[in-house]
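User: I have a model open here and would like to talk through its packing. Could you take my questions as they come?

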Amino acid sequence: MSVVRSLPLRTDPVRGEALDSWLEALAAYLRTPMGDLLRAVGLLEEHRQDGKALPCRAPWLVVLRAQESGNLSIATGLTRAALREMTLEHYDRRALFIDRERRVLVPRRNWRRVASTGSRFCPDCLGENGGRWQVTWRFGWSYACLKHHRLLADACPACGGRPRAAAHPGSLIPSPGRCDRPGPRPTAHTPHSRCLHDFATAATMRLAPGHPALLAQRDLLDTVAAGHGTFGVYRHCAQPAADVLADIKALGRRALFVMPAYRLAHLVPDDLLQTVLPGGTGLDACGRAVPDSAAGAAATVMAAWNILRQEDCRQAAGLMRHVLQASVDRGDWISPTVTRTWAKYASPRLNAVHLTAIAPRLRSVDQLRYRTAAPVPAHPSARRESGERRAAKTPGLIWPLWEVRLGTPRVRENLGGALAVSLMLVSSRTDLAPVAADLGAVVTQPVTTHVLQSLRGDPHWDAIQMALIRLADYLDAHEVPIDYARRRRLDYSDLLSLDAWRTVWHRALMPPAAANQRHGLARCFLFERASGLPWQRMPHPPHDTVAFRSRRTRFPFLLTQSLMDGLDRIGRAFLARNAIHDEPVFWQPPARLLDGLDLPRPDPDRLDIATLHALLGAGHTPQHLARALGADLRTLRYVMAQHPRPTPELSLETIRQLRSGRGIHSVHLAREILTKEHLEQLYLAQDRPFVDLERTTGVSRKTLAALADAYGIPRRSTTQRKKLDKQWLHEQYLIQGRTLADIGRETGMSAAAVAARARGHGIPVQNNRQPQQARYDFTSAPAVIRPSLHNTYAIRRLRIFLQVVRYPTLGEACRTHSLARGTLTQQLQRLESDLGGPLLIRAGRGRNLELTRLGKEVVRAVEGWAHTLVDQPRETWQRSAPRRSPTAGTKRRAPAGSTDDAPNVDCFPAHLQPAVRTYAGQRRLHRFLQAAAYPTLAAFCREAGISPSALTPQLQHLEQDLQGQLLIRGQCGHRMRLTDFGRNVLDTAQPYADQLATYTTDMS
């Protein structure tokens, strides 16, 4: 072989030009035959005979070997890289696939038109650059010129042959821009002449700027140049260019094969469609291959590009369904794996579009397997081993937050178990039965299928699927702190004993009597929290009755932070007994996995926890809480279990209640007040007796003694009994009028001990004795409250009344001020008896506590007068009621209802006078006249603001005074009606209504 020399004359290639086109242009420039040029540059064997034709396939156009590229570089002065860019090797693994050893193309992964089938061309480009051919024109997906906005030409307009299908004749000088194929023979013995028709005269379809076909061509060229596709569905996850072209080819030819013309109109522009299908017929005759013409290739690319250029898989699936429906109309079977028959080399993005398009046709189980709700669905890939690892991270009942957020009103039972099994189906090929067995067989296969079908009917089904998909991906990618497979194998017989529960209950300062009743509920709650299984699977479960289920649903509303901490301590101790030291009692995945999803129920964390705790502390029922906060009961139960009420702070009233406390409950309450070190300092170091500590701490002596025993503090022996001088005690108690408690504080004794010493000395003792004089001057009090100010306890009752009216219910007032309900009711009844009428209308269902007219007058009077009490010194005592001597006997109260006689009784008719002799009687008669105008007594009570329980005794008293029945109460929808006697009384008393009202007002 001769040495390759540098060519004397050279011409530079144009951008994107093919190697064979540049060599032809170089031979034409040198005016030398093509064969001689190839020998000169080292691309043709030197021993080849001159008359022998060049090979039809130019292997150096596919791949340049090292020696060939070196020789060509020496001869032409171009670099090896520049030469490589002019061959098909430059596009290997991007636009086509090459067998480098054989220097041929792999036909299965390529479009039909490549090196062996000629090249398309742009007539305008050949006319402008002197017949230079682009290497990309050889590709089957190249159909348009972006510079001149026209389709490429497929063949010579004169001879009809495909350009560049064979190598240029070696004995001829090339003519760039003209057809080098043999022309027609004049006679059979005449040699072939060349066609030499000018390609620049070829006519092709013009495209307007911005035509979709041009945009699609631009996307394909950019994809090949970059090596990966980033348009449309590939934007968020770029795919290799070869896979994108495979998607275009498979989807485009499938669309053209199955879709009739009227359906293709959704994907292909009308001008191209008319060019490809001039008669409106289908493309069935073309078979499954890509059409060979530029217009057919454009239609193929446009059909696929219009689907794949959408922003995401869901938008692309909307157009993909036209292709699927056309397949169904032809009788083809549609399944998640059908793309393997017509899109063997499809990318994951095309499979995702296909799965999204057929999602409505799939069962709910298959939708989870193929992740059809995800932005990019995919075929199942999880193996049995990965499913077992996910099962070890999943409880038998899905975590409470997920059960709350994903639950719908249509599914009330088996939701937690079915969702846990559904979680195992994501990206899995395993059947339902083994999956359910891995999670403890909480639910069966039919139950899971039924629950999923019910959830599928909900408008939020896609969001539910997406939540399960996110959760499955999180469990696969992260380690969780609990091994639920091990938890399901534990023996929970000794999880929560009754004694342990009582200790937790009493330490949380809950009512002692309810400890045993709540034990079964607490066991169920802790079992589900620790094991992740339903409470029916625990050893020796309670009887599953309607009443028990109702109590179990209300149990979270009873929880406080102290109770929850105690249950967690017991749970950790149980795990430690089973050699589990590194796991928490309860855990659930982060709630951020549910962000941005439109789920059936809102986020529980958005509820106002402080408002919920306040309403619950005010005594509102769970149903009222649900209405007030706009949430359902299942959400509220979850929130209360995750955010229990804070442990109530010990107020002075709570401490005061310890004086009468008994049993273990009071000991635990006292434990919150006095620590062991504090009690040792007071009792042992300061040598103070329990009676003294009772006064300073508010804890009863018996409770202090029990607390000292619980702390292990040694008790001192009983001290010698103190003695009090008789004369001094007589002087202090009887002469100076000091109370027993006051004397006890001075002497360090209790009031009971002082009373015992007084009785031992023969000094008369009065229980609950009053001081000699009233503490305040009551002569300036308003007339409406003056009847109640007959002792010094009246101020306390009035103060309690003013505090009560600020709350919606008596129960809330009692809880806020730590008052016993019976004590408060007794005080209010005594005040109402003293003032001669009801002050409050008790709260009922949907109605808060209200003031009567008399109650409003009392409130105004007390608020206007109470400030005068502050200015009076404690030593100022004026007599408001005669003090009885301790020896004068038992104090007797005046009969309730006794009042002064009313004036001007003789002006009333004789048969009314027995009822109007007193102011109270006139008030009762006036009430009767008012109530007679209403259909029922309840309606009158609501209008007048009084309690029915207060009105009924007044009417009965009036009937006794008049000796006859006045009315018949309305019942079962009937109106109240007057008797004949009652109508006679009404007619007789009606003229005196104004006078009765005046007397009543004056008395008030």
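Predicted model: local features only at pLDDT ≥ 70, side-chain atom pairs only at ≥ 80, totals over all residues.

User: Which residues line the largest cavity?

Analyst: Its lining is made up of Glu24, Trp133, Pro163, Arg164, His168, Phe199 and the run Ser175, Pro176, Gly177, Arg178, Cys179 and Asp180. Sorted by class, the lining of the largest cavity has five nonpolar, three polar and four charged residues.

User: Switching to the overall fold, what does the secondary structure come to?

Analyst: The protein chain has 47 helices and 10 strands. Of its 1004 residues, 49% count as buried, and among contacts between residues at least 6 apart in sequence, 68% join residues at least 24 apart.

User: Now helix pairs: at what angle do α18 and α20 pack?

Analyst: Helix α18, residues 415–425, packs against helix α20, residues 445–456, at an angle of about 90°, and their axes are 9 Å apart. Because angles of 65 to 115 degrees count as roughly perpendicular, α18 is roughly perpendicular to α20.

User: Which residues make that contact?

Analyst: From α18 the contact uses Leu415, Ala418, Leu419, Val421, Ser422 and Leu425, while α20 supplies Thr448, Val451, Leu452 and Leu455. Those residues divide into eight nonpolar, two polar and no charged.

User: What about α12 and α14, how far apart are their axes?

Analyst: The axes of α12 (residues 313–329) and α14 (residues 348–358) are 8 Å apart, and the two helices pack at an angle of about 70°, which makes α12 roughly perpendicular to α14.

User: Which residues are in contact there, and how do they divide by class?

Analyst: On the α12 side the contact is made by Cys313, Arg314, Ala316, Ala317, Met320, Arg321 and Leu324, and on the α14 side by Arg349, Ala352, Val353, His354, Thr356, Ala357 and Ile358. The residues of this contact divide into nine nonpolar, two polar and three charged.

Terms used:
Residues numbered from 1 in each chain as written. Heavy atoms only, no water. 1 Å grid on protein atoms, 1.4 Å probe; cavity = no way out; pocket = protein on both sides within 12 Å on 5 of 7 lines; lining within 4 Å. Nonpolar A, V, L, I, M, F, W, Y, C, P; charged D, E, K, R; others polar. Axes fitted to C-alpha atoms, helices over the stretch in contact; angles between N-to-C directions. Helix = DSSP H or I, 4+ residues; strand = E, 2+ residues; numbered from the N terminus. Parallel < 35°, antiparallel > 145°, perpendicular 65-115°, else oblique. Contact = heavy atoms within 4.5 Å. Buried < 20%, exposed > 50% of the residue type's maximum accessible area, 1.4 Å probe, protein only.
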